[in-house]
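Have the sequence and the 3D view ready, and we'll go from a pair of strands to the whole chain.

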Amino acid sequence: MIGKLLAVGIILAVAGVLVYFQQDNLGINVNPTINAVAENIDGLKDTTVKRVSYEIDKTSDVVGDKIDNVVPNVDQLNPITKIEDQLVIPPKKEVYSGQVYERNENEKTCKVSVPKMAKTINGVKELTHTITLKDCQYEKHKPVQVTVLTDPITGEQTVTVEPTPQTKIFETLQLTTTKNDDNTVSIHYEDSSGKTLKVTVTLSNSEKQLFSGEFFASKFDTSVDDVSDTPHIIEMIVEHAEYGTVNSSVYNPQGNNENTIYGVFSQ
């Protein structure tokens, strides 16, 4: 009897082992606990994927908002305008010497000759540049100082005319031109300091240079023949031991009836 029971036990044990190893082929769910755990793992995986996807979408929205706040506007990307507003470029300043050569008492206007501002127009260079002043306060032949300020960006110019500052040059140097009845012009130069080294004199009208000469004295007189009634200008370059290089000019417009004109000097 005991032997039969032992035999039956052995048979059942062997059958159990065979069934365990063949459960997949037989379709038998012999371990529901293991299957439940697998299902939970699959569910956890799906939940985790969905959660990660949600966090990524949420993060993208936040980053997008931050990017919108970080992206600069056009003014920030192109600060040139802002720099121009803050950067002050000083205007170009030029100072010239001039002389009032005509005055209209009725209209209170006058014309100023500024030789160094002469321009070339249609291939012809001006004898001198003329500035017309309204409400003029200067007498005829009065020397003046002309200041030109040029805006470096727009190119616009501002011109001011002021009295010429008096210096020792005007106390010691003198240039006088006299128009004579015989159609000649007499030029007189005198330096009371006696320190003139050389004087170069030129006289020109609108057509050509009528005279050019050099003088090595602090006082001299000369004359130029055949000066017509057309406008002409006398220019001098003085090399001086004390003042260095000094320029002087006298502009005689057409129709001027005055015989004597005093020149102006500038450094």
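In which sense do strand β1 and strand β2 pair, and over how many bridges? Strand β1 (residues 92-104) and strand β2 (residues 109-114) run antiparallel to each other, joined over five bridges. Across this pairing, Gln99 sits opposite Ser113 in β2.

Before going on, some ground rules: this is a predicted model, where local features need pLDDT of at least 70, side-chain atom pairs count only at pLDDT 80 or more, and totals for chains, interfaces and linings use all residues. Residues are numbered from 1 along each chain as its sequence is written, and side-chain values use heavy atoms, leaving out hydrogens and water. Helices (H or I, at least four residues) and strands (E, at least two) are DSSP runs, numbered from the N terminus. Two strands count as paired if DSSP finds at least two bridges between them.

**The sheet.** β1 and β2 belong to an open sheet of five strands, in the order β5-β2-β1-β6-β7, with antiparallel pairing. At its edges are β5 (129-133) and β7 (157-163), each pairing on one side only.

**The disulfide.** Searching the whole structure turns up one disulfide, meaning a pair of cysteine sulfur atoms within 2.5 Å. The partners are Cys110 and Cys136, with their sulfur atoms 2.0 Å apart. Cys110 lies in strand β2 and Cys136 in the loop between β5 and β6, so the pair ties together parts that are 26 residues apart in sequence. The torsion about their S-S bond is about 85°, so this disulfide is right-handed.

**Two loop residues.** Lys108, in the loop between β1 and β2, has a positive phi of about 60° although it isn't a glycine. His141, in the loop between β5 and β6 (143-150), isn't a glycine either, yet has a positive phi of about 75°.

| Residue | Relative accessible area | Class |
|---|---|---|
| Cys110 | 2% | buried |
| Cys136 | 4% | buried |
| Lys108 | 42% | partly exposed |
| His141 | 19% | buried |

**The whole chain.** Zooming out, the chain has six helices and 16 strands. Of its 267 residues, 30% are buried. Among contacts (heavy atoms within 4.5 Å) between residues at least 6 apart in sequence, 52% join residues at least 24 apart.

Note on methods
Buried means under 20% relative accessible area, exposed over 50%, partly exposed in between (1.4 Å probe, protein chains only).
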